[in-house]
Amino acid sequence: MTNPFTAVKRLVREMLARRSAAARRAQRSGGLAAGSREDEIANASPERAGELAGHAVERVDT
């Protein structure tokens with residue numbers, strides 16, 4: 001039978017390892033997504049660019 005403290009310590013280390021690995025993956029893939037998003041904003045119409053950038057846009061039905 002293993003010591004409960006040892007078991008908890010192993011579980012915590014595994015969880016921290018998974019979180020750090022997930023953070024590294026997100027950081028690596030985040031650069032590509034951010035670049036394509038900036039390109040999309042740059043090439044969009046002014047109204048759509050504001051929408052993509054997260055600014056409030058007033059829509060008028062015509």
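The model is predicted, so local features need pLDDT of at least 70 and side-chain atom pairs count only at pLDDT 80 or more, while totals for chains, interfaces and linings use all residues. Residues are numbered from 1 along each chain as its sequence is written, and side-chain values use heavy atoms, without hydrogens and water.

**Exercise 1.** State how many helices and strands the chain has.

*Solution.* Step 1: apply the DSSP definition, in which helices are runs of H or I of at least four residues and strands are runs of E of at least two, numbered from the N terminus. Step 2: the chain has 2 helices and 0 strands.

**Exercise 2.** Find the salt bridges that involve Glu14.

*Solution.* Step 1: look for a side-chain nitrogen of Lys or Arg within 4 Å of a carboxyl oxygen of Asp or Glu. Step 2: Glu14 pairs with Arg10, with 3.8 Å between the closest N and O atoms. Step 3: Glu14 also meets Arg18, at 3.9 Å from N to O; these two residues lie 4 residues apart in helix H1, about one turn.

**Exercise 3.** Classify Arg10, Glu14 and Arg18 as buried, partly exposed or exposed.

*Solution.* Step 2: Arg10, at 44%, is partly exposed. Step 3: Glu14, at 34%, is partly exposed. Step 4: Arg18, at 55%, is exposed.

Terms used: Buried means under 20% relative accessible area, exposed over 50%, partly exposed in between (1.4 Å probe, protein chains only).
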